[in-house]
Amino acid sequence: MSDYDTVSADVEHEEEIPADHPRYQDLLTRHRIETGIEKGITHLQGMHAEGRGSAFDYLLGEETIPSADTAERAAAAHLLLADQPVLSINGNVAALVPGEMVDLASAVGADLEVNLFNRTPERVEAIAEHLREHGADEVKGLTADARIPKLDHQRAKVDADGIYAADVVLVPLEDGDRAEALQEMDKTEIVIDLNPLSRSPQVAAVPIVDNIIRAVPNMTEHARDLADADEAELRSIVDEFDREQVLEDAEARIRNGL
Ligand code: ATP
């Protein structure tokens with residue numbers, strides 16, 4: 001057994017995970033989800049979602065493949081063009097990339113909204129507080145005064161002046177039913193999901209097949225790079241984007257290593 005094999009998943013602080021470990025990102029992700037569960041931010045089911053994602057990331061080579069980078073740039077362009085962009089935050093997103101989501105929101109002028117599959121007032125408030133600790137000024141999702149049509153009561157709850165009214169929504173690690181329901185509301189949907197065959201990326205206008213811990217900082221970098229771009233340039237990035245190609249490329253990488 002090598003030293004690497006002895007790195008336990010239950011390290012107390014993420015700094016204890018050696019950065020040169022060959023599965024560093026995987027250990028870091030798992031550790032953040034565990035911490036999220038301990039803090040009451042993440043539901044236990046989030047660990048199952050994490051396990052599924054981890055398997056796909058392994059097959060992708062734990063890197064941002066070129067087509068994912070293209071999708072991240074197109075997503076940044078969509079968010080910059082939007083009238084009312086909203087970034088949706090669930091328990092896994094809050095545990096994995098709280099500060100990074102705050103940075104992205106500020107780079108594109110978007111709102112942050114807590115939106116949970118297993119919704120309880122305590123968890124919504126814990127996530128909002130966690131985001132505030134990471135620099136968020138305003139967090140939506142606490143009012144929950146509107147409903148997404150065609151979903152059951154708990155899963156349908158959104159803010160009337162948040163996701164309900166948004167024209168562009170980023171929904172990372174989203175459940176397939178809700179992604180489909182949002183898409184039927186004619187929103188431009190950006191999905192981050194490591195499984196290109198999952199329903200959420202399949203219905204998204206911009207499917208990003210990448211680990212959220214790499215995808216979000218890269219979207220912010222693209223947004224900063226495009227900050228001075230005029231509308232015509234942003235529109236051409238959006239128009240040239242090919243969602244089918246992105247899904248095909250990711251599947252080819254996962255199935256054949258291509
Ligand atoms: P469906 O969208 O068809 O309902 P599912 O039931 O597999 O699919 P969920 O369990 O609702 O999906 O959500 C988990 C999804 O999130 C999985 O597809 C998984 O690949 C993805 N995922 C998990 N962790 C990450 C991560 N760190 N970055 C990106 N995607 C991730």
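Start by selecting Val 191: its relative accessibility is 0%, so the residue counts as buried. You are looking at a predicted model. Val 191 belongs to strand S6, which covers residues 188–192.

**Around Val 191**

**His 78**

Next, select His 78. Which helix holds His 78? His 78 sits in H3, residues 66–81. Is His 78 buried or exposed? His 78 is buried, because its relative accessible area is 15% and the cut-off for buried is under 20%. Display its partners beyond four places in sequence: His 78 touches Val 168, Thr 188, Ile 190, Val 206 and Val 238. Keep Val 206 highlighted.

**The ligand**

Move to the ligand. There are 17 residues around it, and Arg 52, Asp 193, Ser 198, Asn 211 and Ile 212 come nearest.

- Ser 198: an N or O atom in its side chain is 2.6 Å from an oxygen atom of the ligand.
- Ile 212: a polar backbone atom of this residue is 2.9 Å from a nitrogen atom of the ligand.
- Gly 176: a backbone N or O atom lies 3.1 Å from an oxygen atom of the ligand.

**Helices H1 and H2**

Select residues 24–38 for H1 and residues 45–60 for H2. How far apart are their axes? The axes are 10 Å apart, and the helices pack at an angle of about 170°. H1 is therefore roughly antiparallel to H2, since angles over 145 degrees count that way.

From H1, pick Gln 25, Asp 26, Thr 29, Arg 30, Ile 33, Glu 34 and Ile 37. From H2, pick Gly 46, Met 47, Glu 50, Ser 54 and Asp 57. Colour them by class: three are nonpolar, four polar and five charged.

**Asp 230**

Jump to the loop between helix H10 (212–225) and helix H11 (231–240), where Asp 230 lies. Asp 230 is partly exposed, with a relative accessible area of 48%. Draw a distance from a polar atom of its side chain to the backbone nitrogen of Glu 233: the value is 2.9 Å. Then draw one back to the starting point of the tour. Asp 230 and Val 191 are 39 residues apart along the chain, and their C-alpha atoms are separated by 25 Å.

Finish with backbone torsions. Most residues other than glycine have a negative phi. Two exceptions follow.

Select Ala 144, in the loop between helix H6 (121–133) and strand S3 (146–147). Its phi is positive, about 50°, although Ala 144 is not a glycine. Ala 144 counts as buried, because its relative accessibility is 12%.

Then select Asp 186, in the loop between helix H8 (176–184) and S6. What is the phi of Asp 186? Its phi is about 65°, again positive without being a glycine. Asp 186 counts as exposed, because its relative accessibility is 69%.

Key. Residues are numbered from 1 along each chain as its sequence is written. This is a predicted model: local features need pLDDT of at least 70, side-chain atom pairs count only at pLDDT 80 or more; totals for chains, interfaces and linings use all residues. Side-chain values use heavy atoms; hydrogens and water are left out. Axes are lines fitted to C-alpha atoms, for helices over the stretch in contact, and angles run from 0 to 180 degrees between N-to-C directions. Helices (H or I, at least four residues) and strands (E, at least two) are DSSP runs, numbered from the N terminus. Angles under 35 degrees count as roughly parallel, over 145 as roughly antiparallel, 65 to 115 as roughly perpendicular and the rest as oblique. Contact means heavy atoms within 4.5 Å. Ala, Val, Leu, Ile, Met, Phe, Trp, Tyr, Cys and Pro count as nonpolar, Asp, Glu, Lys and Arg as charged, and the others, Gly among them, as polar. Buried means under 20% relative accessible area, exposed over 50%, partly exposed in between (1.4 Å probe, protein chains only). A residue is near a molecule or strand if one of its heavy atoms lies within 4 Å of it. A polar contact is a pair of N or O atoms within 3.5 Å; within protein, one must be able to donate a hydrogen and the other to accept it, and residues adjacent in sequence count only if both atoms are side-chain atoms.
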